[in-house]
Amino acid sequence: MKYFLRKLGLLAFTLFVSVSLNFFLPRMMPGDPARALLDKMENLQPEQLDTIRAAFGLDTDDPVIVQYGRYLRNTLRGDLGTSFSRFPTPVSEVMRVALPWSIGLMGLCTIISFSLGTLIGIAAAWRRETKLASATVGFFSFVRSFPYFWLGLVFIYFFAFRLRAFPIGGAYSVDAARGGAAWWLSVLRHGALPAATIVVSSLGAWILTMRNNMINVLAEDYITVAMAKGLPIRRIKSMYAAKNAILPSVTGFAMSLGFVIGGGLVTEMVFAYPGIGYMLYQAVNAKDYPLMQAIFLFIAVAVLIANFAADVAVMILDPRVRDGAK
Amino acid sequence: MSDERDAAARPPALELRSVVKRFPLRSLAAYGKAVHAMDDVSFVLEAGGSLALVGESGSGKTTTASVIARLYERDSGDLVVDGEPARPFRNRAESLAYKKKVQLIFQDPFGSLNPTHTIRSILERPFLIHGLADGRADLEARLSEALEQVGLSPAAEYLRRFPHELSGGQRQRVNIARTFAVEPSIVLADEPTSMLDVSIRMGVMNMMLDLKERKGVSYLYITHDLAGARYMCGSIAVMYAGMIMEIGPTEDVIRDAVHPYVKLLKSASPSPESGLARAPLDASGEIPSLIDPPSGCRFHPRCPYAEPRCREAVPELADLGGGRGVRCVLALR
Amino acid sequence: MIKDFLKTLVSNRKSLVGLCLLGFFVLVAAFAPLIAPYEPKIDRLETVAELGEPSLEEEIVSEDYPSDSRDVIVYRSTTTREYEKTVDYFPLRAKPSAEHPLGTNHAGNDLFSQLVWGTRVSLTIGLMTGLFVTALSLTLALLSGYLGGVVDDVITFLTNVMLVIPGLPLMIVVAAYVTMKGTLPIVLILGLTGWPYPTRLLRSQVLTLKGRDFVRVSRSLGERTSFVVFREILPNMISIAMAEFFASSMAAILGEATLEFIGLGNVTVVSWGTILFWAQANGALLSGAWWWFLPPGICIALVGTSFVLINFAIDEISNPRLRKR
Amino acid sequence: MSDTMLEVRNLRAGYATAKGFVRAVDDVSFSLRRGEFLGIAGESGCGKSTLAYAIMRLLRDNARVESGGLLFKGRDLVPMPAAEVDALRWTDMAMVFQSAMNALNPVLSIGEQLTDAVHAHRSVSRDEAEAMAVEMLALVDINADRLRSYPHQLSGGMKQRVMIAMALILKPELLIMDEPTTALDVVVQRSIIEKIEELRRRLGFSVIFITHDLSLLVEISDSLGIMYAGRLVEYGPAAALFNEPRHPYTEGLMNSFPSLTGPLRRMDGIEGRTPDLLSPPPGCRYAPRCRYARPACSEGGCPGLAPSGEGRLSACPYPMGGRADGGVAGEGGRL
């Protein structure tokens with residue numbers, strides 16, 4: 001329980017830091033990006049100008065601390081401002097359209113990649129003397145070094161452009177009626193390449209982490225004891241080796257998850273997949289700061305919550321953590 | 001081995017009076033709690049004498065050594081070295097002067113030599129820090145002497161090596177050489193042989209006894225092994241859960257222990273002469289947590305003779321005469 | 001000890017391959033002007049030939065455009081002699097050929113030259129960031145691990161917070177605000193989002209070392225804190241700090257490429273990331289120009305692999321369990 | 001039915017390292033009677049753990065038995081197929097490991113770890129297995145409610161008692177204990193040893209108890225084997241070995257434990273260090289450290305165990321009395 005509360009506290013504080021970063025970043029930047037932007041965009045409509053002014057706190061003479069208070073209150077209420085590239089749509093509305101795509105794509109990919117990578121890592125450690133194991137490890141440590149977006153480009157080139165097996169971008173076919181079987185099929189076909197990109201790029205990290213953890217655990221005395229006890233190999237592998245080896249993996253979810261999500265964003269950009277990653281790309285190009293910040297905030301919150309879930313999972317798996325002994 | 005020099009004229013080398021050391025727990029949930037590592041610890045180490053501090057793991061004996069070496073400062077109580085009460089250091093000179101007098105030997109021969117340095121750069125530090133060598137040539141001579149007096153010769157051969165190129169026994173000899181390099185008057189030896197191979201322990205122990213004779217230092221010898229304590233020291237103090245339970249001349253305490261814990265320790269210690277026919281232990285259990293130590297006498301939950309009053313108040317260390325003291329209500333009868 | 005470490009690094013087959021690979025790219029970066037056939041942003045070759053005496057007035061004698069990619073202009077100058085200047089324009093979006101081994105891009109720049117010059121920029125940014133991150137996290141780790149107390153609490157807490165805030169989106173947002181152009185801001189952005197993980201690892205190493213007996217011995221002998229930290233603890237952290245350096249450098253090279261690819265870096269600089277940016281912006285994919293976007297990615301992956309290989313060996317040195325028996 | 005539980009015949013075993021093959025157990029032979037308590041003493045690196053793991057057929061991938069036989073109740077374990085070994089292990093012979101801290105799986109409850117051994121070998125219901133676990137825990141004085149506990153919730157001594165309960169749960173006839181009390185405090189160590197003695201009397205199994213602490217073994221063993229640098233150098237009844245060591249190494253070891261109650265005298269231990277098994281010295285491996293060594297000791301092969309009377313075996317060809325000078329302890333009679 002102590003552990004749970006401590007993690008909950010950290011979650012709350014990290015949320016607060018993310019929200020505050022969002023507010024202070026543009027105000028801390030040297031060279032005043034707001035003024036630069038205003039000077040550059042003379043042909044904006046007055047309402048759009050107001051949006052920008054509001055985003056940077058240029059519309060008011062209130063001291064920063066008052067603006068900060070107002071910002072916190074608004075954020076808490078879900079009011080994230082107005083997008084000025086899609087004026088006058090509120091940012092939250094813009095995000096609502098993009099979210100399901102991202103959650104579907106990245107959520108699914110993360111789960112697939114984590115489970116698959118963990119399983120392969122277990123196998124690679126269990127039979128680490130075999131050629132196949134070292135080849136797998138070698139291959140994925142090489143693949144891991146490719147940038148996500150580049151792997152996406154390669155996939156588009158080979159599978160979409162050359163083989164024409166998959167569409168080159170987008171998330172669904174506009175020809176099919178939304179919600180119908182044909183439409184769902186097109187969603188799958190559109191999602192296949194981006195999903196493959198994310199899974200292939202992130203798989204290596206999970207495999208290597210799990211493999212190293214497993215190798216460490218396999219050297220423990222309790223594995224020898226389990227062998228001596230004559231337990232079925234399946235039980236030794238799962239309840240004695242993997243259950244211990246997966247704990248650091250789940251804890252390490254924090255770092256890796258942020259990385260996978262980041263990679264997922266860029267993958268969306270490459271495939272023009274209408275999730276929040278692609279939206280972030282458009283926002284960056286249009287210098288739509290309110291939208292950009294809202295997207296960052298959302299991603300941060302999502303990662304934080306996923307991490308918290310991982311912490312809870314560790315608590316369930318590891319009795320030592322449950323007792324606060326570790 | 002227990003021929004203590006006539007020490008009446010000199011002040012004791014070391015005296016502890018009611019020293020207390022607690023380590024507050026830093027976590028929020030344990031706010032206000034502390035590890036009671038030393039509680040009301042008092043003893044005297046005569047100049048040129050040797051006192052064994054015997055206890056199991058978690059008894060606070062290592063903390064005692066660290067407090068005397070002033071790696072941590074005590075919370076309360078007096079620490080008197082060579083008749084001078086220890087006060088907070090006002091400057092580096094005072095701290096160095098103290099450290100020159102009191103030196104520690106650590107338990108782990110593998111961990112106490114920095115693997116990235118050669119024996120030379122390890123061993124020359126004490127001379128450099130305390131300014132004990134007069135020029136390069138003198139330093140060389142002193143380095144050789146330091147190694148040779150712990151039985152490592154030719155010295156030049158060892159100076160060149162890295163710690164991982166030495167055996168455990170050789171490393172512990174280097175440690176001892178480093179300790180004696182500053183010519184301390186008090187040596188605190190924290191289980192110096194417990195991690196060595198059995199067959200070479202006696203060699204290290206004998207060497208320490210010889211060094212003591214030659215240098216006239218005083219030993220505080222920390223160990224969990226009663227027989228080893230008897231071999232090394234004239235007096236003995238048995239610690240349990242942060243407190244001294246019995247103290248006195250070694251032979252008296254071992255032959256005729258008063259405190260039930262000391263009796264237990266004695267009957268549990270391996271002793272081939274006693275054979276298998278010995279009586280079984282009459283107590284069980286393990287050392288209590290030092291975070292929530294038992295009320296009253298710390299040994300009462302395991303003590304076969306415990307009475308209700310043992311639970312209520314901590315017994316005083318009763319003076320039995322002949323230099324013996326016991327912290328137990330039984331001793332008062 | 002350091003010598004031993006390097007010896008082990010060279011004697012391990014994996015790390016030897018890694019070191020060779022890295023060495024290759026470092027050489028390419030260092031000798032870019034010698035290796036690359038052209039300057040990275042040149043789209044034409046001009047040759048000037050002397051034809052005759054100076055004239056009284058400046059005039060163009062003749063203009064000839066024998067082909068789309070060649071202008072031949074003959075002109076006279078008043079002070080010097082008569083010149084013939086031949087300008088050979090590089091073809092745009094050319095396929096690989098003898099003159100342009102990796103073809104040219106939309107602006108007629110030679111892609112092979114860009115790749116070679118880009119090595120310099122990408123590697124510099126990667127290694128500089130790696131150095132910056134390692135120095136920063138080593139400092140924080142030593143401060144927090146050795147001093148403990150409130151300093152440790154604050155640094156640990158900040159590390160934990162920054163650890164879970166996703167790095168790339170933060171980097172994107174920060175980069176979008178930055179108006180300065182150049183290499184330094186990128187190094188700063190990558191560095192300031194890259195320190196938490198290495199700091200955490202290094203700190204736990206400091207804590208382990210601080211508890212080792214040789215540190216206690218050192219203190220009981222009367223060594224100064226600075227000696228304990230820099231001579232007793234630091235030398236024992238070399239292998240782990242090296243590992244963190246390579247890991248951070250790799251993350252930086254990937255991060256830099258990603259930022260450049262999104263267009264958040266300085267698109268006028270030639271690096272592996274910007275080559276990919278222009279490739280994407282000019283539809284290299286859908287015109288089948290694989291020679292444009294494949295090589296930079298492979299280079300990134302090869303450098304990354306070299307770091308991974310070197311780190312495998314460092315891991316094996318510091319973790320005996322992973323050693324092949 | 002034969003009275004011999006285990007017979008080790010000329011066993012050679014070792015492991016491959018980066019620098020070469022280390023023969024950690026070299027030509028070791030002894031036999032163990034039903035119900036006997038055999039103590040094997042030796043310093044670190046003498047091969048005593050390799051011997052234990054070889055008997056259990058638990059040597060790791062890089063280690064192997066080179067030659068020799070391990071006859072367990074008349075059947076040789078060395079060539080036995082893995083499936084048959086699996087059937088024997090834990091049901092007929094079990095092992096208690098050095099560090100109970102690391103020998104228990106931290107994420108499974110004590111109950112699960114006790115019963116999964118039962119389920120692996122007997123087809124019993126969950127309740128029956130649990131009843132067996134409760135019974136075993138009671139034998140080692142641990143309350144049944146500890147079944148739901150996890151290892152980190154137990155003290156060191158309790159963990160080691162759980163390990164003993166786990167080893168005995170299928171009522172094996174042979175129990176191998178590899179330094180089972182080394183990491184424990186003296187009082188706990190003593191109570192564990194008393195517990196093993198009591199259980200052995202009640203259940204009648206044989207014990208091979210391996211430790212570096214000779215002073216402990218002398219009190220509890222029926223027979224004693226002394227190992228040095230991979231070789232068994234002396235073997236015989238514990239009391240006889242203690243009172244009258246016949247091998248200089250045994251004498252040296254005896255001389256390494258100061259006495260708790262006997263007369264106080266200077267003890268010398270043994271000079272020098274144990275040899276590197278990658279390149280053992282020629283002749284008797286103990287010769288470089290032996291105070292009685294003659295030139296002939298450092299030549300030729302390593303002397304093997306030979307009967308030295310009264311059912312005792314010693315690997316020193318020179319009987320104690322005939323040595324160059326009288327031993328410090330050997331003659332005088334210490335007690």
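Chain B and chain C bury about 2,200 Å² between them, 52% of it on carbon and sulfur atoms; buried area here is the accessible area (1.4 Å probe) that two parts lose on being put together, summed over both. This is a predicted model, where local features need pLDDT of at least 70 and side-chain atom pairs count only at pLDDT 80 or more, while totals for chains, interfaces and linings use all residues. Residues are numbered from 1 along each chain as its sequence is written, chains are lettered from A in the order in which they are written, and side-chain values use heavy atoms, with hydrogens and water left out.

Who takes part in this contact (heavy atoms within 4.5 Å)? Chain B brings 27 residues and chain C brings 20. You'll find 1 salt bridge between the two chains, meaning a side-chain nitrogen of Lys or Arg within 4 Å of a carboxyl oxygen of Asp or Glu. R125(B) forms a salt bridge with E223(C), and their closest N and O atoms are 2.7 Å apart.

Now hop over to R298(B), which sits in the loop between helix 10 (260-268) and helix 11 (308-312) of chain B; helices are DSSP runs of H or I, at least four residues, numbered from the N terminus. R298(B) is buried, with a relative accessible area of 6%, where buried means under 20% (1.4 Å probe, protein chains only). A polar atom of the R298(B) side chain lies 2.7 Å from the backbone oxygen of A241(B). Beyond its neighbours within four places in sequence, R298(B) also touches other residues, including H36(B), D39(B) and P293(B).

Definitions and conventions. Helices (H or I, at least four residues) and strands (E, at least two) are DSSP runs, numbered from the N terminus. Buried means under 20% relative accessible area, exposed over 50%, partly exposed in between (1.4 Å probe, protein chains only). A polar contact is a pair of N or O atoms within 3.5 Å; within protein, one must be able to donate a hydrogen and the other to accept it, and residues adjacent in sequence count only if both atoms are side-chain atoms. Contact means heavy atoms within 4.5 Å.
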